[in-house]
Amino acid sequence: MDLQQLVTQIAKDMIARRDRGIVADYIPELASIDPDHFGITIALPDGRIYSAGDSDTRFSIQSVSKLFTLAIALGKLGDRLWQRVGREPSGQPFNSILQLEHEQGIPRNPFINPGALVVTDAILQGHEPREVLGEVLRFIQSAAGDGDIRIDENVARSEAMHGDRNLALAHFMAAHGNFFNPPEKTCGTYFHHCAIEMTCEQLARAGRFLVGGEGAPRLISPASVRRINALMLTCGHYDGSGDFAYRVGLPGKSGVGGGILVIAPGRAAISVWSPGLNAHGNSHLGTLAVEQLARATGWSIFG
Ligand code: GLN
């Protein structure tokens, strides 16, 4: 299969479509992004890449960052992390507070906002935000083999100024004894790692640590790689996770910036970026693009 030809065709097909989804506007700094952007990159384990469209334009990775913080937290805490956060799909929007009330402040999984806040809270304990953000950036940079990855301070500030909902989630968990740092401190750190900006090429390269195979960076244990992939498949697209698994058949993690990182275990990491979102807050064209890719390559984990 000619992968360059494939991504070029996918980009052409997606750019020609009129349905683009809706750009997230609850973080004002993201609202002004041009919905016409589309980028895609396939990275093989050894770092070779195949790209098309705006694959070299930086975008806000938002919830895709939750993968990297989870990898760091599992490395630090191991299975102790699961005393504070579950491993079940939530079937609820990413910022929902509903289940926290019924489940004593223990979020369903590490990819919905309350779960990711717990993960950030866990790696923050005993450290300063600056140290933790440095660690997250270094992790991503070494996975990508690229030191030019940074935080967009304007996006972090913009989210902090409209962060009531995440602060409410954090305070609610604190009320249940499942939060160890001041909610403002953990939320501030979380807003900053969500505001990391990367290109599709950087993100696909960084995703290779979850692919395995010859030449892929080994930053976490093979067991953690398997487990993170399982969580991506079941929870990576919030209440759209079942549909994504049905259409694409690969583990993926989306963000409201319109990025998705998809893992074809043992084969490749795929990143796609299109800012317009579907009703579940996942990239609309991004989902269609990886569906097309999975169909053409036969890379679905279900054969
Ligand atoms: N920073 C965003 C938030 O907390 C991330 C959400 C997302 O990408 N789904 O709301």
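Predicted model: local features only at pLDDT ≥ 70, side-chain atom pairs only at ≥ 80, totals over all residues.
Colleague: Are helices H5 and H8 roughly parallel or roughly perpendicular to each other?
Modeller: Helix H5 covers residues 113-124 and helix H8 covers residues 164-175, and the two pack with their axes 10 Å apart at an angle of about 65°. Angles of 65 to 115 degrees count as roughly perpendicular. The two helices, H5 and H8, are therefore roughly perpendicular.

Colleague: Which residues of H8 make the contact with H5?
Modeller: The crossing of H5 and H8 is right-handed. On the H5 side the contact is made by Asn113, Pro114, Leu117 and Val118, and on the H8 side by Asn166, Leu169, Ala170 and Met173.

Colleague: How many nonpolar residues does the contact of H5 with H8 have?
Modeller: Among the residues that make this contact are Leu117 of H5 and Leu169 of H8. By class, the contact of H5 with H8 has no charged residues and two polar ones, and its nonpolar residues number six.

Colleague: What term describes how H7 and H9 are set to each other?
Modeller: Helix H7 (residues 153-161) packs with helix H9 (residues 183-194) at an angle of about 135°, and their axes are 8 Å apart. Angles over 145 degrees would count as roughly antiparallel and those of 65 to 115 degrees as roughly perpendicular. The term for H7 and H9 is therefore oblique.

Colleague: Which residues of H9 make the contact with H7?
Modeller: The crossing of H7 and H9 is right-handed. Ala156, Glu159 and Ala160 make the contact on the side of H7, and on the side of H9 it is made by Gly188, Phe191, His192 and Cys194.

Colleague: Which helix gives the most to the side of domain 1 that touches domain 2?
Modeller: The C-alpha centres of domain 1 and domain 2 lie 20 Å apart, and the contact takes 36 residues from domain 1 and 36 residues from domain 2. Several elements of domain 1 each supply at least two residues to this side, including helix H2 (28-31), helix H10 (200-206) and helix H11 (222-235). With five residues, the one that gives the most is H11.

Key
Residues numbered from 1 in each chain as written. Axes fitted to C-alpha atoms, helices over the stretch in contact; angles between N-to-C directions. Helix = DSSP H or I, 4+ residues; strand = E, 2+ residues; numbered from the N terminus. Parallel < 35°, antiparallel > 145°, perpendicular 65-115°, else oblique. Left-handed = near helix turned anticlockwise from the far one by under 90°. Contact = placed C-beta atoms within 7 Å. Nonpolar A, V, L, I, M, F, W, Y, C, P; charged D, E, K, R; others polar. Domains from an automatic or database assignment.
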